[in-house]
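Student: I have a new model open and would like some practice in reading it. Could you take me through its features one by one?

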Amino acid sequence: MAEAGGQLLARGGRVYAGAVIVGALVCVVAGGVGAGPWSRVAVLAALHLGCDWLVRRQTRVGAAAAGAVAAGEASARWAAFFPVLLAAATLLRPGSAALVPVLGAVLAPAAPPRALRRAWNAAQLALGTFAASAVFHGLDGPAQLARHQFPAVLGPTVVAALVFCVVSGVLAAGIRITAERADPRTVWHGVLLRSLVPCLGYGLIGLMMAVLWQGRYGVFSAVLVLLPLTVSSWVFAQFQREEAAHQATVSALVQAVEIKDEYTRGHSERVSRASVLIARELRMAEERVASLRIAGVLHDIGKLGVPTRLLRKNGPLTDDEHEAVQLHPTFGHEMVRGIGFLGEARQGILHHHERLDGRGYPSGLAGDQIPEFARVIAVADAFDSMTSTRSYRRGRPVEEAVTELERCAGSQFDPTMVAALIRAVRRHGWRPAQPRPGDEAAPDLPLGIREPSRAGVVG
Amino acid sequence: MTPEDSAGCRATTPQSAQPPLPPQQRPQPETDQPPVPAQGEPASAAPAEATAGPSGRREPAPRPRERHLPGPRPGAGSTTTLAGQPREAPGGRWRGGVVHVGATLLVVGSLAWVSVFGFVEPWIAFAFGLFVAVGELARTPLPGEREQAPLGAAGALAYALLGSLAGARTHHGVAQVVLVCTLGALIGAVPCLVRRRRANWGSVSRRTLSVGFAALLFQPLYNSGALLRCGLEHGPGSAAYVAVCALLSAVVDVSLAALLSDAPLRRALRDEATALLRIGSAVAATGVVIAIAAGEIGLWALPLFSVPLLLTFAGFRRYAAIRATQRQTIASLARATEVAGYTLPGHARRVAELACRVGRELGLPDQELLLLEYAALMHDIGQLSLVDPIPGGATALLEDAEQRRIGRLGSEVIRRTGVPPQVAEIVVRAAEPYRRADGRVVLDLPVAARIVRVVNAYDDLACDDPGPARREEVLTQLRAGTERDYEPVVVEALARVCQRISG
């Protein structure tokens with residue numbers, strides 16, 4: 001989150017960041033800088049610096065193995081320093097609390113322009129902490145905390161945590177909108193909604209630090225509260241590493257197929273992309289979209305079981321050879337049956353060559369009997385096959401492929417999916433496969449000539 | 001803790017229940033719809049018929065009826081041992097028994113003590129007992145990790161180290177702590193019993209003893225006022241003392257877990273200590289913090305201070321889930337050679353399972369077992385790049401140079417999968433005999449590579465006939481190859497493992 005100002009170089013971003021920095025300075029001065037106990041400010045600032053450093057180091061280890069995942073990095077950093085700032089907001093007056101994040105933000109490494117970036121990070125966190133502290137004090141939190149009024153003190157704490165989250169979230173969203181010209185809707189969704197729940201948890205942890213700190217036990221026990229969190233961020237780094245490894249494994253599976261069938265290079269990736277476009281258009285739930293993405297990538301995995309000779313064959317296939325190629329969905333399904341998380345995706349892989357009129361394979365399902373994922377992948381698969389070059393035909397323009405899909409909607413494809421794909425392509429555009437040397441050798445035929453005998457086989 | 005829990009080598013469990021699939025029984029599409037031949041399309045759509053079709057699947061070429069390894073090769077005579085690999089007889093049985101007897105004695109003694117001296121402050125005891133029970137009920141398996149009920153453990157530790165509650169002194173003693181926590185752990189075991197599964201008595205005994213130890217360090221000193229006189233009852237000193245107690249109790253806990261494990265003691269200790277550094281430290285810190293905070297804010301500390309632990313635990317579960325998924329995906333990748341018709345069905349899985357057993361027999365730590373398992377699963381991936389399948393997929397019968405080439409090709413694929421780089425290294429070097437042509441031992445050959453080499457050869461030779469006679473025959477063949485090809489120590493470990501599987 002602190003790194004959100006990735007594109008501070010843009011002019012709008014600079015102006016916005018400058019305004020935020022000035023605002024933070026005004027708040028600190030108006031809130032009374034010298035009011036708080038300086039020792040507490042110093043210890044909290046050091047704690048924040050330490051946590052930030054620790055998380056940064058762990059994330060770097062995780063990211064080095066994984067290839068950096070920007071979103072994950074941001075949420076990991078939330079984990080460790082957020083409670084420290086909330087503890088500061090409950091323990092200190094607003095003006096002093098706002099100083100706590102400054103040290104960490106200024107000493108953290110930053111990309112150029114360094115001064116502006118560091119100042120922005122400091123100002124963003126300072127404003128968030130200031131607002132949280134002001135709210136906590138406004139709701140009479142400190143008195144309740146001092147008298148250990150449970151559960152009454154939970155109210156101001158939760159509100160303060162929410163305020164912190166909202167203020168820093170809005171500031172970060174602002175920099176993305178002004179500097180990156182990002183779509184405000186996605187920014188809101190990504191920055192705010194996803195961070196609300198963890199935010200409450202970290203708010204409670206901050207309160208616990210404050211409770212122990214104010215009691216007779218001092219800073220030592222407050223640090224103990226943070227220990228589970230450092231473990232948690234270590235786990236998160238491990239998780240990130242493992243997740244990246246898993247993605248690499250899945251793509252290695254796909255590469256194995258693409259070694260066998262050079263014409264399908266990139267095909268899996270594009271089918272996956274088109275499937276996701278359709279799913280988004282149909283407003284599927286996020287988990288199903290993720291599952292469909294993987295189903296799209298893996299849909300042709302069963303081609304590993306088809307002899308290379310057939311996959312690369314230039315002329316028309318004999319009946320026996322057709323039969324052999326048509327086994328690939330079954331092989332694919334068999335290969336991935338052990339992968340538990342795939343769930344619905346397995347059915348998508350098995351049935352992606354079914355036709356709506358029941359003339360497809362392997363089971364000859366018709367209409368609604370065909371799983372939804374399979375109907376999505378069938379359309380995406382055909383669309384990419386038509387727009388990319390194969391040994392028997394040069395890639396066709398998107399418009400021609402759209403016309404062909406509309407022609408086959410109802411007999412071969414589900415009209416809902418076809419309509420969704422067409423809408424999505426009109427809205428977002430479509431980048432077909434890049435032409436490769438040798439593509440000119442393929443005949444420049446219009447679509448429809450080979451239909452329907454090869455219609456299902458081209459994927 | 002059960003022996004199945006103890007090793008990270010469980011990836012094969014999803015498939016291990018089912019026998020290897022013969023080619024003619026490939027899975028049917030999961031639908032009730034009978035396969036309808038498509039009109040107007042030349043080919044039948046029924047997969048079962050087509051599988052046996054003449055041009056359809058490339059079945060592995062028929063294996064030679066009698067398979068023998070190439071004759072003994074020249075090499076130096078004396079046998080060597082794997083450096084630094086302790087071989088200890090598994091003695092988990094009696095060690096675990098000692099722990100159980102100790103825990104039972106402690107509980108009986110505590111019962112007697114409480115029935116004589118009485119049960120104090122029942123409401124506090126009830127709250128902590130409830131917390132422990134709920135934590136135990138929420139117990140979830142974490143593959144590869146030891147602590148399964150972090151909330152239960154933290155709650156029990158907090159009750160053992162509880163001094164004052166909301167400013168007022170408490171008076172419970174060691175016996176009461178032991179009883180309350182044991183009862184909570186037993187309640188947590190009820191669902192296991194209801195579902196007629198084997199309850200994890202090891203973890204109950206371990207919890208009882210380690211909590212009893214923590215309470216013994218704290219409660220007598222607190223109740224007698226000794227802590228007050230030393231100035232350790234309030235303030236930072238008290239927090240430090242409680243933390244030290246928790247640390248010592250964690251050490252005891254690790255030792256108990258190692259005693260209960262079936263693995264050789266040294267390895268078990270090492271594995272348990274590694275696990276402690278992870279979620280164990282979060283559990284201990286939470287226990288300490290709850291105990292301290294309860295002194296300030298009373299029982300509110302219990303739900304409030306378990307929040308960080310729950311966050312950590314949620315992270316662990318996500319991590320465990322992605323790890324399980326990664327294993328499944330790798331197993332699928334390993335099956336690619338079978339589906340493509342290069343190796344026999346189930347070969348990769350069998351080699352992985354057997355290699356892990358041999359690795360455990362040789363005392364490899366969990367980390368290396370995982371690498372060994374990945375390598376064993378994917379050791380034949382290189383065959384995908386071959387134009388024609390090898391007869392029966394048996395690489396053990398090939399020339400050295402060809403074996404190495406397949407290993408190199410495979411490692412190139414494996415390097416791209418994102419598994420640790422050592423896995424690719426193991427696969428490359430599994431093609432290498434353990435002695436050079438001049439008879440010198442290859443010192444830097446990873447143990448895992450030697451294991452994969454031996455187990456792969458065993459499965460290549462023995463998979464068509466699981467009978468004991470064939471097994472002995474194959475082991476004799478492998479022993480004949482120990483002069484250069486197969487590490488004698490690994491072959492003997494394999495012989496012991498085979499003996500145990502069939503016996």
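Student: Happy to start with charges: how many salt bridges does a search of the whole structure find over all chains?

Tutor: Keep in mind that this is a predicted model. Over all chains, the search gives 29 salt bridges. One of them joins Glu399(A) to Arg426(A), with 3.9 Å between the closest N and O atoms. That distance falls inside the 4 Å cut-off, so the pair counts. Glu399(A) sits in helix H19 (residues 398–408) of chain A and Arg426(A) in helix H20 (residues 415–428) of chain A, so this pair, 27 residues apart, links distant parts of the chain.

Student: And what is the count of salt bridges between chain B and chain A?

Tutor: That count is 0. For polar contacts between chain B and chain A, there are 5 residue pairs, both partners being at pLDDT 80 or more.

Student: Which helices of chain B supply at least two residues each to the side that touches chain A?

Tutor: They are H3 (47–51), H10 (235–260), H11 (265–297), H12 (301–305) and H13 (307–339). H13(B) gives the most, with 21 residues. Sorted by class, this side of chain B has 43 nonpolar, 25 polar and 11 charged residues.

Student: How much area do chain B and chain A bury between them?

Tutor: About 6,900 Å², with 67% of it on carbon and sulfur atoms. On the chain B side, Glu296(B), Tyr319(B) and Val339(B) supply 9% of the area buried against chain A, more than any other three residues. The contact draws on 79 residues from chain B and 77 residues from chain A.

Student: Let's turn to rings. How many aromatic pairs are there over all chains?

Tutor: The count is 9 aromatic pairs. Take Trp113(B) and Phe117(B): their ring centres are 4.6 Å apart and their planes are at 35 degrees, so the pair is tilted. These two residues are 4 apart in helix H4 (residues 92–117) of chain B, and so about one helical turn separates them.

Student: Where in chain B does pLDDT stay under 50?

Tutor: First, the general idea: where pLDDT is low, predicted coordinates should not be read in detail. In chain B, pLDDT is under 50 over residues 1–66, a stretch with 151 contacts in the model beyond four places in sequence. Residues 71–90 of chain B are also below 50, and that stretch has 39 contacts beyond near neighbours in sequence. For chain B as a whole, the mean pLDDT is 77, and 79% of its residues reach 70 or more.

Methods. Residues are numbered from 1 along each chain as its sequence is written. Chains are lettered from A and ligands numbered from 1 in the order in which they are written. This is a predicted model: local features need pLDDT of at least 70, side-chain atom pairs count only at pLDDT 80 or more; totals for chains, interfaces and linings use all residues. Side-chain values use heavy atoms; hydrogens and water are left out. Contact means heavy atoms within 4.5 Å. Buried area is the accessible area (1.4 Å probe) that two parts lose on being put together, summed over both. A salt bridge is a side-chain nitrogen of Lys or Arg within 4 Å of a carboxyl oxygen of Asp or Glu. A polar contact is a pair of N or O atoms within 3.5 Å; within protein, one must be able to donate a hydrogen and the other to accept it, and residues adjacent in sequence count only if both atoms are side-chain atoms. Ala, Val, Leu, Ile, Met, Phe, Trp, Tyr, Cys and Pro count as nonpolar, Asp, Glu, Lys and Arg as charged, and the others, Gly among them, as polar. pLDDT is the predictor's confidence in each residue, from 0 to 100. Rings of Phe, Tyr and Trp (its six-membered ring) pair if their centres lie within 6.5 Å; planes under 30 degrees apart count as stacked, over 60 as edge-to-face and the rest as tilted.
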